[in-house]
Amino acid sequence: MFWKKVSSFILKNRLRLFSLLIGLTVLMGYQVSKIQFSYELPKILPENNPDHQLYEAFKARYGEDGNLTIVGIETSQLFSIPVFKDWYDLNQRLKLLKGVKEVISNATIVTLVRNDSLKRMQAKKLLTQVPNSQQELDSLQVIINHLPFYQDLLISPSQKAHLMGIIIEPSELNAPSLIKINQKIKQEVEQFGQKHRIPVHFSGLPYIRTAFATRVAQEVVLFTALSLFVTGLILLLLFRSWRVVAVSLSVVLIGVVWSMSYMVLLGFQISILTSLIPPLIVVIGVPNAIFLTNKYYEYLRLAQTQTNAIAVAAEKIGETTFWANITTAIGFGVLCLTGSKMLLEFGIVAALGVLSTYVLCLILISILYSYFSPPKTAQLAHTENVFLQKFLGKITEWVQFKRQQIYVGVVVLVGISIIGFTQIKAIGYVVDDIPKEDVLYTDLKFFEKHFKGVLPFEINIDTGRPGRVLNPQTLTKIKILQKEIAKHPEFTKPISLVEALKFVYQAYRGGQPKYFVLPDALELKKLSQYLDTTQKSFLQTNIFLDKTHRYTRISFQIGDIGTPRILSLYNRLQPKIDSIFNIDPTTGTWVDKEEAYQAKITGNSVVFTKGNEYLLQNLIQSTLLAVVMISVLMMVLFGSWRMILVAVVPSLVPLIITAGIMGLAGIPLKPSTILIFSIAFGLSTDATIYFLTKYKDEIRNSPHHNRDQHITDTIRLTGISMLQTAIVLFAGFITFTASTFQGTVYLGILVAITLLMGVISNLILLPAFLFWINHKKIVL
């Protein structure tokens, strides 16, 4: 009765409703014009997470750790006059670019000179102009090679690879202008490379972030256009009507506009995940149009008037697709409960978009069809497709007489899938969504080969009280820790207060490399006389320590070695760090709380790893929650707890098979792939609802038929729409394989496979269960 009133209300107020929705769409479209892209790395950990809080405090104290755009070259000709002159000029030009704070390379090296008359160490640039002769340049190279502080940081151990670090202004790191800054840097560097025929390489978190953001912006448009084209082509083949195509895609496109406007209204930005929402809305929205159109055509074929056919179609399909869209929204909505900002934004916008598109389809398609002339008889014939009818007849035969074989086949598939599932590995990389042949990936590997990596790995040290950082005891602990970490080949040389003091002490003792050591307490006292006046220019910066001298940091770089290895290093090193700083070496016991240090591992690579681990745990929980919530919904909707088994199992089996495919195909479990399960389960249950709703409707409308006939009629009447929507969903998600992001490719393939298997399962396994229940005379 309720849905009858809804359909009647729509047709009675069609002009008002149409005007209202179009007006709202214009306002929503204006909001979309203000949408922005995110230039930050995804914030995965929730704000109350200790690792997140530690990292945010670290950045507040020292600034962003991922602020370096890195340039690399490999050549033995750098220290020749023509090449070095242009390299020096390149450094100077880059330093003048807006948004660039500093440029660090072997052409901008700073050293220290001892001034006994002033009792200070004076900072001095090795170069103020390009050397005039090769002899001068050779002398410069010798001096650089005698400065261990810069070795392996700016110059590779082979002496052939050279690194330039471009420090980006903090205000530009998360702004749209970061793309232009990196484009200008790339343009300048590539001109240098082309002139001297030297390959150039780019990396660093600012560069990686802008590369991702640029590709995301391109793919939003690409996949929205692709999904519209593919679904439109399928609609044309199915209905042989440009009108159906135009109406369906126009309404779904309005749903996309509404979905994107929610992002602006909620203060969200487009990220690699939320960029999937427009094509998702297209792919998920079109089935609403298919079901409504099919039902409309069905009643026209039964000689109903156009108005009555539209009213009944809106009534019947309005109720069915309402619950189907609710389950889909639940699949997205549970992502909000993970606590992750990234998934919360995706879940909210996707759920709202799905529900809005459902409402728009129900109202606008009904209204538009009411203004158009009825379709011709030839256009109604698609519902009598001989091939599909034969296929559905074969399915009816299978589920009626070959249920045992169906059950055995399902058990075998599930068994194989469980074996495959046990082989799934949970692993993530910062750039694992980039193809291996992509220049972004190959450039990253260049830096890992020559400099061990570019991803920040930090140790934040709280000494407990002001002034304690420069205590010889603290410096010794830092030195011991650095030696411990040096045992692991994954890490670069550290940048720390100890390394800075070694650099100062080398200059204090005349510049000989053998004095690049941490001075003992007596020598440190002597050195302090020269440091007091130079702290502001060299040590008194947030590079090494805070103003109170209570906090300090040890900075390493690490390669993109995968989350399991980083987590292993974290779990191995953190206890060692605790023991180095907080076990008294004389007694072998833990120091008192008042004397304890708080030394914790943090940094971008660690937070990414912790976020990955957190997501995997919470996404598994959210998938299970989606199963529970949809199961409860099924029980309420169909009025029987037994219906949970009947309704949920056919949608769970495809998920198990997909998990098996992932394990057997070597597809890792990571945030982008685990999303498949909650999304696909929500969509798979749509087919279950379509089938069971029609089954209940057949029982109510044809009480003189037996239950077996009801099941047969349901397969025949619902099967075509289910197969058509399966084709649309499969083709729509397959378009994601055109992405440059591997995670998006996996998402598209696996969701497409899962949904196709879901429809087949709901057309075979679900009716088989119903036949078995009827024959066993089990009351649902």
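**Group meeting: strands, helices and cavities in a predicted model**

Let me begin with strand β7 (residues 455-462), which pairs with β10 in the antiparallel sense over 5 bridges, where two strands are said to pair if DSSP finds at least two bridges between them. Within that pairing, I459 stands opposite I601 in β10. Please keep in mind that this is a predicted model, in which local features need pLDDT of at least 70 and side-chain atom pairs count only at pLDDT 80 or more, while totals for chains, interfaces and linings use all residues. Residues are numbered from 1 along each chain as its sequence is written, and side-chain values use heavy atoms, with hydrogens and water left out. The names of the elements come from DSSP runs numbered from the N terminus, with helices being H or I of at least four residues and strands being E of at least two.

The pair I started with belongs to an open sheet of 4 strands, in the order β8-β9-β7-β10 and with antiparallel pairing. Its edge strands, each pairing on one side only, are β8 (495-496) and β10 (598-602). Helix α16 (residues 472-486) packs on this sheet and touches β7, β8 and β9 (551-558), its direction making about 15° with that of β9. Helix α20 (residues 563-582) lies across β7, β9 and β10, and runs at about 160° to β10. For these angles, axes are lines fitted to C-alpha atoms, for helices over the stretch in contact, and the values run from 0 to 180 degrees between N-to-C directions; contact itself means heavy atoms within 4.5 Å.

Let me turn to strand β5. Of the 8 residues of β5 (residues 161-168), 8 are buried, so this strand is largely enclosed by the rest of the structure; buried means under 20% relative accessible area, exposed over 50%, and partly exposed in between, with a 1.4 Å probe and protein chains only. In a regular strand the side chains alternate between the two faces of the sheet. Here A161, L163, G165 and I167 point one way from β5, whereas H162, M164, I166 and I168 point the other way. Strand β1 (residues 68-74) pairs with β5 in the antiparallel sense over 7 bridges, and L68 stands opposite I167. Strand β2 (residues 100-104) also pairs with β5 in the antiparallel sense, over 4 bridges, and E102 stands opposite I167.

Finally, the cavities. The structure holds 4 cavities of 30 Å³ or more, and about 140 Å³ of space lies in the largest cavity. A cavity here is a set of points, on a 1 Å grid over the protein atoms alone, where a 1.4 Å probe fits but cannot get out, and lining residues have an atom within 4 Å of a point. Of the 17 residues that line the largest cavity, P287, L683, D686, Y690 and L729 are the closest to its centre. Helix α23 (671-701) is among the elements that give two or more residues to this lining, and α23 gives the most, with 5 residues. The second largest cavity has a volume of about 50 Å³, and its lining consists of N288, L292, I317, T321, Y358, C361 and L362.

Key. 1 Å grid on protein atoms, 1.4 Å probe; cavity = no way out; pocket = protein on both sides within 12 Å on 5 of 7 lines; lining within 4 Å. Points joined across faces, edges and corners; volume = space filled by probe spheres on them.
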